[in-house]
Amino acid sequence: LPLSRGLGDVYKRQIKKISMRIGLLTYHWVANYGANLQALSTYCYLDNNGYNPIIINWVPNDALADYQNSSSEEQLNAHHKFIKTRCRLTRQFSEQSEISAILNEEGITHVLVGSDALFNIIRPHFHLKTLSYSRPSSDHLFPNLYWGKGFETIPHAGISISSQNCRYFEFLFRRNEIGGLLKQYSKITVRDNWTQSLVSYFTRGKIKPEITPDPVFAYNTNVPQQPNKEEICRRFNLSEQYIIVCFDKERGLISPEGWVERLNKEYYKMGIKVVNMLRPVGGQQFKGIEDIQMPIDPMDWYCLIKYSHAYIGVLMHPIIVALHNAIPFFSFDQYGIRMGLYKNYKSSKTYHILREANLLDYHWSMVKGDKFPEPKDVVDCLNRFPKQQCYSFAIKMNIRCINNMESLAQSLINI
């Protein structure tokens, strides 16, 4: 009898699982490779495991305009095509008031919010230097859909959400309102310590979410069909061994003049080609260093790093891709909080990951302000890169990531 009752419970859960229509709400559409990859990884996990996912196609007009102004039309189209050809989407909408109609049209019964920097709210503010008023796009203003506003009565959970160093302490007078929305989540997991503190702050310690890996740590498991190395090298005219560099152009982290050229000389002695990968919004270019041809599809971007000899540069998701595939890297980290004399480089999401991986020897922080390392020192450092240690960490993060996805999906089933 206990056995038959147990089988009956399993059968009921399976029936509910099939009947669920999970709406995935995240930055799926933006000209950002990491955002696209994490959206696809989460979507494919749900789809591969018998759930019925659909991406909630919220594209705020003001946020879209920002990307249209900073990225080429061809590159922006590459990001849109990447998602549209691989996922089911609702109709596109921009007004948050349409969310109820969208959920009803598609029969969405549950919502999974995340991953990505969805809790990054910003206050409108006045710039003294430029004497101008800055109003963030609607996806960075509170309240918005990412906080569960507009579908409070629909079961929803948050997966590995980040806040991109959000100055959450500036929202003291909205603490109860924000905390009230967070308490409506059946479960929230976050990507880093800073976001964990944010959720705990707004809920007055009632919720201290678990820190869980970015969904890209399970990309090879969830999205196994990928171009091979031969195809990538042929399409982008690359040699068997190549190093990728990537730095910002006008803002953020810029390499010192001549630095990449000197790095190229070091690798030329070793018979390894250095190539430059521009960001969707552009990037720093270097004399005598070839740029990887754009537009770049997010899948190709992933594989370019996956098959490289090493990655040297900015941003978090290239480091996650390198970690996931045990590729040597050196992270030039532009994240962290700077407010006047106050600096907190440990609030960086990249720092958080590399500290957990015990790979901070391969990390340099712009916010911390140490001297920029010499090219030869970076090369020597990469020659000592512990690939086995990285591989072991990648396996651990893959398992944790898959377990987190299933746990969150089950939390929705149990409602």
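Student: What kind of model is it, and how is it numbered?

Tutor: It's a predicted model, where local features need pLDDT of at least 70, side-chain atom pairs count only at pLDDT 80 or more, and totals for chains, interfaces and linings use all residues. Residues are numbered from 1 along each chain as its sequence is written, and side-chain values use heavy atoms, with hydrogens and water left out.

Student: And the H and S labels?

Tutor: Helices (H or I, at least four residues) and strands (E, at least two) are DSSP runs, numbered from the N terminus.

Student: OK, S3 then. How many of its residues are buried?

Tutor: Seven of the seven residues in S3 are buried. Buried means under 20% relative accessible area, exposed is over 50%, and partly exposed is in between (1.4 Å probe, protein chains only).

Student: Which way do S1 and S3 run?

Tutor: Strand S1 (residues 22–25) runs parallel to S3, with four bridges joining them. Two strands pair if DSSP finds at least two bridges between them. Leu 25 has Val 113 in S3 as its bridge partner.

Student: What is the bridge partner of Val 113 in S6?

Tutor: That's Gly 158. S3 (residues 110–116) and S6 also run parallel, joined by five bridges, and Asp 116 is partnered with Ile 161 of S6.

Student: Is S6 enclosed or open to the outside?

Tutor: Largely enclosed by the rest of the structure, because six of the six residues of S6 (residues 156–161) are buried. S6 is also joined to strand S7 (residues 188–190) by two bridges, again running parallel. There, Gly 158 stands opposite Ile 188 in S7.

Student: What do S6, H6 and S7 make?

Tutor: A right-handed β-α-β unit. Right-handed means that, with the strands pointing away from the viewer, the path from the first strand over the helix to the second runs clockwise.

Student: Next, H6 and H7. At what angle do their axes cross?

Tutor: The axes of H6 (residues 175–182) and H7 (residues 193–202) cross at roughly 110 degrees and come within 8 Å. That makes H6 roughly perpendicular to H7. On the cut-offs, under 35 degrees is roughly parallel, over 145 roughly antiparallel, 65 to 115 roughly perpendicular and the rest oblique. Axes are lines fitted to C-alpha atoms, for helices over the stretch in contact, and angles run from 0 to 180 degrees between N-to-C directions.

Student: Which residues make the contact between H6 and H7?

Tutor: H6 brings Arg 175, Ile 178, Gly 179 and Leu 182, while H7 brings Val 199, Tyr 201 and Phe 202. Contact means heavy atoms within 4.5 Å.

Student: What does H7 pack against?

Tutor: Its buried residues pack against S6, H6, S7, strand S8 (210–211), strand S14 (337–339) and S15. Seven of the ten residues of H7 are buried, including Trp 194, Thr 195 and Leu 198.

Student: Switching topic: what's the strand order in the open sheet of six strands?

Tutor: The order is S11-S10-S9-S12-S13-S16, with parallel pairing. The edge strands, each pairing on one side only, are S11 (290–291) and S16 (363–365). Further in, S12 (residues 310–313) and S13 (residues 329–333) pair over three bridges in the parallel sense, with Ile 312 opposite Phe 330.

Student: Which helix packs on the sheet, touching S12 and S13?

Tutor: Helix H12 (residues 317–324), whose direction makes about 160 degrees with that of S13.

Student: Where are the cis peptide bonds from Gly 114 and Met 294?

Tutor: The bond from Gly 114 to Ser 115 has omega near 0 degrees, and Ser 115 lies in strand S3. The one from Met 294 to Pro 295 has omega near 5 degrees, with Pro 295 in the loop between S11 and helix H11 (298–306).
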